[in-house]
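This briefing concerns helix packing and the nonpolar core of the structure shown below. The points are grouped by topic.

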Amino acid sequence: MRDVTLVDLYDHHITQKFVNRSGMAHAICCAYHAFDLALIHHVHPDLAAKAAFLHDIGHFTWYKDGKWDYSLYKAYDIHAIKGAERAHKLLIRLGEHPRNAKEIALAVLLHTDSYLPHGHLELKPLQHVVALADEADEEPKGRHHYRKIDDKTARDWLQSLDRKIDAYLSDQKTS
Ligand SMILES: [Fe+2]
């Protein structure tokens, strides 16, 4: 039994406000990629799917004269830092175990190295899976942030991923 489902996250107004800003369709696709990758990399699929779903929750829209300004984003963006904190607060509010909330927040923090000084980061498997899930759904010129999905489809997809995660976890218990 999971403390927090993807649909619980989706239904929260904080998720609606911030994940819609960075792209709900992208977040959901990443959660699906993360589930598949988690099974390959022997990572907990529930944590991977939730971290991937929330990975861009810290995004800010860098606009100049009504248009996205990539140079402003490159220079000043800290979305992974903001996202880690925001995801952690949201998960704790919804009743996630603090151990899981920390693992998910760290995976959000490290899903990109675009804001970090150059150097080599040794990622844990969960963090690696979330970074791979994000890459798997990326489109040129950040177009993945603008793909649309309607509310009903978004909720249905997350509900069906919740069912896949529950089925996997109950299989693990009985085997
Ligand atoms: Fe992303």
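**Helix packing and core**

Helices α6 and α7 are roughly antiparallel to each other, because an angle over 145° counts as such and theirs is about 160°. The model is a predicted one.

**α6 against α7**

- The axes of α6 and α7 lie 8 Å apart, and α6 passes α7 in a right-handed crossing.
- On the α6 side, the contact is formed by Ala80, Ile81, Gly83, Ala84, Ala87, His88, Leu91 and Ile92.
- On the α7 side, the contributors are Pro98, Ala101, Ile104, Ala105, Leu106, Val108 and Leu109.
- By residue class, the contact of α6 with α7 comprises 13 nonpolar and 2 polar residues, with no charged residue.

**α3 against α8**

- Helices α3 and α8 pack at an angle of about 135°, and their axes are 8 Å apart.
- That angle makes α3 oblique to α8.
- The crossing in which α3 passes α8 is right-handed.
- From α3, the contact draws on Cys30, His33, Ala34, Leu37, Ala38 and His41.
- From α8, it draws on Pro125, His128, Val129, Val130, Leu132, Ala133, Asp134 and Ala136.
- The residues of the contact of α3 with α8 divide into 10 nonpolar, 3 polar and 1 charged.

**Burial of α4**

- Helix α4 spans residues 45-54 and is mostly covered, with 10 of its 10 residues buried.
- The buried residues of α4 include Asp46 and Lys50, as well as Pro45, Leu47, Phe53 and Leu54.
- Alanines are also among the buried residues of α4, namely Ala48, Ala49, Ala51 and Ala52.
- The cover over these buried residues includes α1 (6-11), α3 (24-41), α6 (79-94), α7 (98-109), α8 (125-136) and α9 (151-174).

**The largest nonpolar core**

- Which residues of the largest nonpolar core touch the most other members? Among its 46 residues, they are Ala31, Ala34, Ala48 and Ala51.
- Two or more residues of this core come from each of α1, α2 (13-22), α3, α4, α6, α7, α8 and α9.
- Helix α3 gives the most to this core, with 11 residues.
- Ala34 also takes part in the contact of α3 with α8, while Ala48 and Ala51 are among the buried residues of α4.
- Leaving aside neighbours within four places in sequence, Ala31 is in contact with Leu6, Ala49, Ala52, Phe53 and Leu161.

Note on methods. Residues are numbered from 1 along each chain as its sequence is written. This is a predicted model: local features need pLDDT of at least 70, side-chain atom pairs count only at pLDDT 80 or more; totals for chains, interfaces and linings use all residues. A residue is buried if 20 or more other C-beta atoms lie within 10 Å of its own, exposed if 12 or fewer, and partly exposed in between; C-beta atoms are placed from the backbone. Helices (H or I, at least four residues) and strands (E, at least two) are DSSP runs, numbered from the N terminus. Two residues are in contact if their C-beta atoms, placed from the backbone, lie within 7 Å. Axes are lines fitted to C-alpha atoms, for helices over the stretch in contact, and angles run from 0 to 180 degrees between N-to-C directions. Angles under 35 degrees count as roughly parallel, over 145 as roughly antiparallel, 65 to 115 as roughly perpendicular and the rest as oblique. A crossing is left-handed if the near helix is turned anticlockwise from the far one by less than a right angle, and right-handed if clockwise. Ala, Val, Leu, Ile, Met, Phe, Trp, Tyr, Cys and Pro count as nonpolar, Asp, Glu, Lys and Arg as charged, and the others, Gly among them, as polar. A nonpolar core is a set of buried Ala, Val, Leu, Ile, Met, Phe, Trp, Tyr and Cys residues joined through C-beta atoms within 7 Å.
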